[in-house]
Amino acid sequence: MFSGKTEELIRRLTRARIARQRVEIFKPALDTRYHDRDVVSHNQNSIRSTPVQSPSEILLLAGGACDVVGIDEAQFFDETLVEVCRQLADQGIRVIVAGLDMDFLGRPFGPMPALLATAEFVTKVHAVCVCCGELAAYSYRLSASESQVLLGEAEAYEARCRPCYLAGPAARPLIEAARAAQAPVARTL
Ligand code: ZN
């Protein structure tokens, strides 16, 4: 979240389109936070996509008919996505998958661990910790909900580094103090 992974996905797919490759983009049908059909980044860049209920639909819709398949919010799909991506790649299709690697409890998220293991290339993009400005790998949930899937409204999560994630609510005063002093919270960025 807020790490630029959707931005990076859109950038790569846009370049493939410029190269006149046939591109298809899919996302889980449950992810309609910003738009029903488009994949939209936090910066409001967007690209037309097809919402699907299950990974098997991706195989039906894209298999043999395109050069590049993009998949966003992959963490929300079930484990069958791994086999679908393998079959697409075996057909010579370039498969570009974006997803959150960990849920709000720091647990590997859905099919992401197996996708990371089987991909030829992995790019791990980081957000910036809202508390201290270090690189952030964790999603700190501000609400008390225990559900793994709570769609990422901007106010529901914060990107945090490991120490600030572990500090929990105690890390908040750092943000408030920095805001009050109008001082930058970042040390290294
Ligand atoms: Zn931090």
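Predicted model: local features only at pLDDT ≥ 70, side-chain atom pairs only at ≥ 80, totals over all residues.
1. Overall make-up. The protein has six helices and ten strands. Of its 189 residues, 33% count as buried. Among contacts with a separation of 6 or more, 68% are made by residues 24 or more positions apart.

2. Ile58 and its burial. Ile58 sits in helix α2, which spans residues 55-62. Ile58 counts as buried because 23 other C-beta atoms lie within 10 Å, and the cut-off for a buried residue is 20 or more.

3. Contacts of Ile58. Leaving aside residues up to four places away in sequence, Ile58 touches Phe26, Val52, Val69, Ile71 and Val84.

4. The buried side of α3. Helix α3 covers residues 80-90, and its buried residues are Leu81, Val82, Val84, Cys85 and Leu88. These residues lie on the same side of α3, because they cover an arc of only 165° around the axis. An α-helix has 3.6 residues a turn, so residues three or four places apart point the same way.

5. What α3 packs against. The buried residues of α3 pack against helices α2 and α4 (112-118), and against strands β5 (68-71) and β6 (94-97). Val84, one of the buried residues of α3, is among the residues that Ile58 touches.

6. After α3. Gly92, just after this helix, takes a positive phi of about 90°.

Terms used
Residues numbered from 1 in each chain as written. Helix = DSSP H or I, 4+ residues; strand = E, 2+ residues; numbered from the N terminus. Buried ≥ 20, exposed ≤ 12 C-beta atoms within 10 Å, placed from the backbone. Contact = placed C-beta atoms within 7 Å. Arc of directions from axis to C-beta.
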